[in-house]
Amino acid sequence: MAWYSAGSVIYLACQWFLSVVVARMSAGFDDAGALALAMSIGNIFTPLAYYNTRTYQVSDVKGEYSNSQYVAFRLVTTLAAFVACAVYTVLTAELAVVPVIAFLVYKIVVVIIDILHGVDQQHSRLDYAGISLIAQGVTSLGFFTLVFWLTQSLTLAICAMTVTAFLVLCLFDWRMAGRLDDIRPRIGRAEARSLAKACLPAVLSGVLCSAAITVSRQFLFVMEGESSLGSYASVATLAVIVQMAASYIYNPLLGTFATLAEKQDGAALRRLILRVCLAVVGITLVVSLLFWLFGEWGLKLLFGEKIIPFVGLLQPMLLCTAATAYLWFFMDLLIVLRKMKEVLVGNVVAFVAVFPLSYGLIMACGANGVSFAGAIAYALGCVLLARYTFSAIGVCCARVD
């Protein structure tokens, strides 16, 4: 756990610094806006490619599928997601097609590494995953910064970090996971169809969840321009720490949640859920206080004087990322409980709600409208998911309780 926690934090920090590097080394916010758009579309690609396979994998306490099948299935979903998102990029991001496609290629490597970390987690070797995350984060940031400084080309910088991630995959992750289990990609059509059917509601939910904030950001892009989105995204890189920190708390516990559900220990499940929820509240409050005390100083240090007019974006973003963290948490819990349709319902509500909310709140509040729209939409979805979660626990654990 210590290695994984350290690796997750370092990887998050290095990914966050990509936006800082672009903002600091560019004359304006145009490159930052292009990178923000690439990351937003990457947020659509990621759940499609992940297909929520890792959550299903690490909670597979009955051994429904082998790891070689999970790896093969991930390769199929990754290819399909890339094709879909590349088409979406050509149709909707004409001003930044090349860097967005380059970023999607980078995400392909990251997504493949993730399923190997699922193998590590199944065998209680998250130290391997942690070392990998550290290597990915440090090398990606280092080569991205070097190439961007030398060339001022966002596309070439993204290509450089893709090469480093691929080397980590080949030289470390594949070898380590291969020591733990058979990971040679092999899956029959029947198994692929079965796994695809089982995870489809969850993956659609992940796409809708990620797309909700992407839609809101694209509203901002259309209504106020690339520079406005670039400044928003630059500030947002600070607020995302809450969502990431929450995932680092509960992701290693997904196997524990699955085991407790298998044992029908409803009381223990509820206690563990409450602890995670309180931990997210605590993280949010601490980060909010830090932003209030040091937010302006930190943004000025990272991005320079030009970012000062946008300090007011911080606290609303924090509210949005906290709501996102809770939504993802209850999504993963329902996947562990194999309540896939319920996951979909909550995310459909959030996705539908974000359209009118984005238009109205961006008109009224400017860039802060993105955060307010996301927070309200995600909160609506989260209320439904939490209700479904505790109802499912009550049903499956009724005999014990």
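Colleague: Let's start with Asp114: why does it count as buried or exposed?

Modeller: Buried means under 20% relative accessible area, exposed over 50%, and partly exposed in between, with a 1.4 Å probe and protein chains only. Asp114 has 12% relative accessibility, so it counts as buried. Before we go on, this is a predicted model: local features need pLDDT of at least 70, side-chain atom pairs count only at pLDDT 80 or more, and totals for chains, interfaces and linings use all residues. Residues are numbered from 1 along each chain as its sequence is written, and side-chain values use heavy atoms, with hydrogens and water left out.

Colleague: Thanks! What makes the pair of Arg74 and Asp114 a salt bridge?

Modeller: The term asks for a side-chain nitrogen of Lys or Arg within 4 Å of a carboxyl oxygen of Asp or Glu. For Arg74 and Asp114, the closest N and O atoms are 3.2 Å apart, so the pair meets that definition. The two residues come from distant parts of the chain, with Arg74 in helix α4 and Asp114 in helix α5 (residues 97-122), 40 residues apart. As for the helix labels, helices (H or I, at least four residues) and strands (E, at least two) are DSSP runs, numbered from the N terminus.

Colleague: How many salt bridges does a search of the whole structure find?

Modeller: The search finds 6. Among them is Arg125 with Asp127, where the closest N and O atoms are 2.6 Å apart. Asp182 and Arg184 also meet through their side chains, at 3.0 Å from N to O.

Colleague: Why do Asp182 and Arg184 get their accessibility labels?

Modeller: Asp182 has 26% relative accessibility, so it counts as partly exposed. Arg184 has a relative accessible area of 53%, so it is exposed. Arg125, at 30%, counts as partly exposed.

Colleague: Back to helix α4 (residues 67-92), where Thr77 lies. What does the side chain of Thr77 have as a polar contact?

Modeller: A polar atom of that side chain lies 3.0 Å from the backbone oxygen of Arg74. A polar contact is a pair of N or O atoms within 3.5 Å; within protein, one must be able to donate a hydrogen and the other to accept it, and residues adjacent in sequence count only if both atoms are side-chain atoms. Thr77 has 7% relative accessibility, so it counts as buried. Leaving aside neighbours within four places in sequence, Thr77 is in contact (heavy atoms within 4.5 Å) with Leu48, Ala49 and Tyr51.

Colleague: Which residues touch the most other members of the largest nonpolar core?

Modeller: They are Phe144, Phe257, Phe329, Phe330 and Tyr378, in a core of 131 residues. Helix α13 (residues 314-336) gives the largest share of this core, 17 residues. Such a core is a set of buried Ala, Val, Leu, Ile, Met, Phe, Trp, Tyr and Cys residues joined through side-chain atoms within 4.5 Å. Outside four places in sequence, Phe257 touches several residues, including Leu269, Phe329 and Val336.

Colleague: How do you know that helix α10 (residues 241-250) is mostly covered?

Modeller: Of its 10 residues, 7 are buried. Tyr248 and Tyr250 are among them.

Colleague: Last one: why is Val286 called buried, partly exposed or exposed?

Modeller: Val286 has 48% relative accessibility, so it counts as partly exposed. Val286 lies in helix α12 (residues 266-303).
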